[in-house]
Amino acid sequence: METDKTAHQDKKASDYTEYIAQIESNGSSQATEKALVRKIDLFLLPTIWLMYLLSYVDRTNIGNAKIAGMQADLHLSSGQYSVSLIVFFISYVLFEIPSNLILSKSRPSIFLPTIMILWGIVTCCMAAVKSYRQLVALRFVVGVLEAGFAPGVLLILSSWYKREEQSKRFAVYISAAILSGAFGGLLAGAITKNLEGAHGIRGWRWLFIVEGAASIGWACIARFLLLDFPLTSKYLSEDERRFAADRLLVTDRSRASDEHRLGPLQAIKRSLTNWRVWLFTAGYMVIVGSSTLSYFYPTLVNGLGYEANKAQYMTVPIYAVAFVCNAFTGYFSDRVPRRRGMIISCWLSISLACSIATAIATNFTARYVLLVLMAAGLWSTNALSLSFASSTFASMSREARAVSLAFVNAMGNLAQIYGAYLFPSGDAPRYIMGFSVVSAMCAFGVGVYGVLYLVAKRGSLD
């Protein structure tokens, strides 16, 4: 019986090799591959981009609801509001690895839209909260449900694209968060203002209803657009599925085949005993920790001398420059995949210099320009660090890769908890403590990714 199974596997491998050889022999391999990658992009990238945009909106809309009257209506103290923010990230971090293990053994086209529908429903239910306890409970549940999305996207992208194709795709993915930061507040303001009192419902409650309903609606559409894994996606022909899987193995000999499956405990052990995972985790934690600066953009810009209303609009150029730099970095990095660590270290060095200068400078215009450059560096390194980790973990089995990517993302998001305390209002306008911590984290990140670059240059990351 075992002999028959081995013979079947050998025949299957031989068939795949013949299929690749046949394509290469007729000189159409590059054209065939480009057409396939375009098809994969068409199904995956727009779908994932909008899903992530709505995910980011749903997790951050509580801040806009607070401004629109939620804190007063629910009689929340400052401490209670902080707890309602933090509890989301507690459940989010705890459930990332279990969610990704489930995804690795299921179908992304079902799993991801399902959890999106569920978190959309819970977001809508937040419109009905009457007390602090209800708000905290629902925020915890939203964290549980959203925990499966971001690491799930990382796993999907790592399963479909070659190492030298991933940086551009991760840049597209992260750009959704950048645009959400730029225009999310303005959209929320329009909803709360125009729907205030409609049908006897406060504007902040309408915010949860509208944005939750948007997530539910797009999730229903995404169910019919999202691809599964290369060997199981029904939107590709049998030849396309085989080519999608084999092109990764042919060009990347160290990549693990999806046919080598591990149990949950095996995957966790395989992942957490790998030194590469811990090094990438340390690097990503300082990037996300520094990037919590984005939550304070309106506060910081206001502290530079702009009025409150104008401060909200003055944050848009910060995100606009970050968007352009993120796109350029993703495109360029795929041309030099072995130098991703060096590129990240360079960007973090720029952010480090800007952070120090911002704390020292007294001219408002100069501080604003420095803030723009610092944000560009931090956002650009976010996407690139994820693609760097993803391509490095390609040699792992799907389950171990799922755990590794979820662990890196989860530990990085711990920064959302302590980062909330870096820029207290009492430190205005210099915010020495916040910029000092950001500077220290950037400096540490420069060292981590410098080491990763040197290791990758020697070929020891493969």
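Trainee: How many helices and how many strands does the secondary structure of the protein come to?
Mentor: This is a predicted model, and the count applies to the protein in it. Strands number 0 in the secondary structure. The helices come to 19.

Trainee: What percentage of the residues in the protein is buried?
Mentor: A residue counts as buried when its relative accessible area is under 20%. The protein has 462 residues. The buried ones make up 54%.

Trainee: Which residue meets glutamate 33 in a salt bridge at 2.8 Å, N to O?
Mentor: Glutamate 33 is in helix α2, and its partner is in helix α9, 214 residues apart. Both residues of the pair are buried. The partner is arginine 247.

Trainee: Which residues are joined with Glu33 and Arg247 into one network?
Mentor: A search of the whole structure finds 13 salt bridges. Some of them share partners, and these join Glu33 and Arg247 with two further names.

Trainee: How many residues apart in sequence are the parts tied together by glutamate 146 and arginine 59?
Mentor: The side chains of glutamate 146 and arginine 59 meet in a salt bridge at 3.6 Å, N to O. Glutamate 146 lies in helix α5 and arginine 59 in helix α2, so the pair ties together separate parts of the sequence. Both residues are buried. The parts are 87 residues apart.

Trainee: Lysine 105 forms a salt bridge with glutamate 399; is glutamate 399 buried or exposed?
Mentor: The closest N and O atoms of the pair are 3.6 Å apart. Lysine 105 lies in the loop between α3 and α4, and glutamate 399 in helix α17. Lysine 105 is partly exposed, with a relative accessible area of 46%. Glutamate 399 has 0% relative accessibility, so it counts as buried.

Trainee: Of the contacts with a separation of 6 or more, what percentage comes from residues 24 or more positions apart?
Mentor: A contact here requires heavy atoms within 4.5 Å. Among contacts in the protein with a separation of 6 or more, residues 24 or more positions apart account for 80%.

Notes:
Residues numbered from 1 in each chain as written. Predicted model: local features only at pLDDT ≥ 70, side-chain atom pairs only at ≥ 80, totals over all residues. Heavy atoms only, no water. Helix = DSSP H or I, 4+ residues; strand = E, 2+ residues; numbered from the N terminus. Buried < 20%, exposed > 50% of the residue type's maximum accessible area, 1.4 Å probe, protein only. Salt bridge = Lys/Arg side-chain N within 4 Å of Asp/Glu carboxyl O.
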